[in-house]
Amino acid sequence: MADKDYQINVGDKQLTLKVSDWAEQASGSVLCRMGDTLVMVNAVMASPRPNLGFFPLTVEYEEKFYAAGRILGSRYMRREGKPADEAVITARLIDRAIRPLFPDHLANEIQVVVTCLSWDGENDPDVLGLLGASLALGISDVPWAGPLGAVRVGRKDGKLILNPTYEDREKVDMDFLFSVVKEGDELLVNMIEAEAEEADEATFEEALSFATPALLEMLKLQQTIARDHGKQKLVLP
């Protein structure tokens, strides 16, 4: 069943999630696509490292020139450079959302690697990376209290837009990105990144209500995929 695509509509765009077999040794590996932007997310877990004093979670977001159809550098330089600031910010965004959902006493080293394979210049890979991290952890044997849904909401000319394109985001007066988890029948926001011109709390609540149907669909879809492909979770001592 690894070749099955799972699809939902998010606003006027189609979100496609697929369990990948490209990284066979990973605990969980998925592909996430919106438009022609495609990311691969792999999650792996090592043996416990007790008495570290911190939770050994590493999140990496990797951008490659080939994703945009570019090969940069001099004639003799073909290596990728250090991560761009945008890549570091995206990795931190994903980290902030998934970190609180791990058990407090988990001491195993966890790595989540998000690789942008294709970028269409319209759809931002950060939301796809966050959803992919949720799904990769959800189908893996890593103890984790997901899934989570994530969406960006923009407001352009007084109208709310789900996952606006880069062009739309240059014209919006509000740009909210948030992730949610479901507890009972309620959605709980566990990460917010926002930029706006004097937006009040009522505006944010309106944006959350606007995005709720899509978020519920994301959570339901991930639960379906986890039932089809999920591994037995590690039982912690």
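Guide: The account below takes up a pair of helices and then a pocket. The model is predicted, so local features need pLDDT of at least 70 and side-chain atom pairs count only at pLDDT 80 or more, while totals for chains, interfaces and linings use all residues. Residues are numbered from 1 along each chain as its sequence is written, and side-chain values use heavy atoms, without hydrogens and water.

Helix H1 covers residues 85-98 and helix H2 residues 125-139; helices here are DSSP runs of H or I with at least four residues, and strands are E runs of at least two, numbered from the N terminus. The axes of H1 and H2 come within 10 Å and cross at roughly 40 degrees (axes are lines fitted to C-alpha atoms over the stretch in contact, with angles from 0 to 180 degrees between N-to-C directions). From H1, Thr90, Leu93, Ile94, Ala97 and Ile98 make the contact, and from H2, Asp126, Gly129, Leu130, Ala133 and Leu137 (heavy atoms within 4.5 Å). By class, this contact has seven nonpolar, two polar and one charged residues (Ala, Val, Leu, Ile, Met, Phe, Trp, Tyr, Cys and Pro are nonpolar; Asp, Glu, Lys and Arg charged; the others, including Gly, polar).

H1 also gives the most to the lining of the second largest pocket, with four residues (a pocket is an open set of points, on a 1 Å grid over the protein atoms alone, where a 1.4 Å probe fits, with protein on both sides within 12 Å along at least five of seven lines; lining residues have an atom within 4 Å of a point). By class, that lining has five nonpolar, one polar and eight charged residues.
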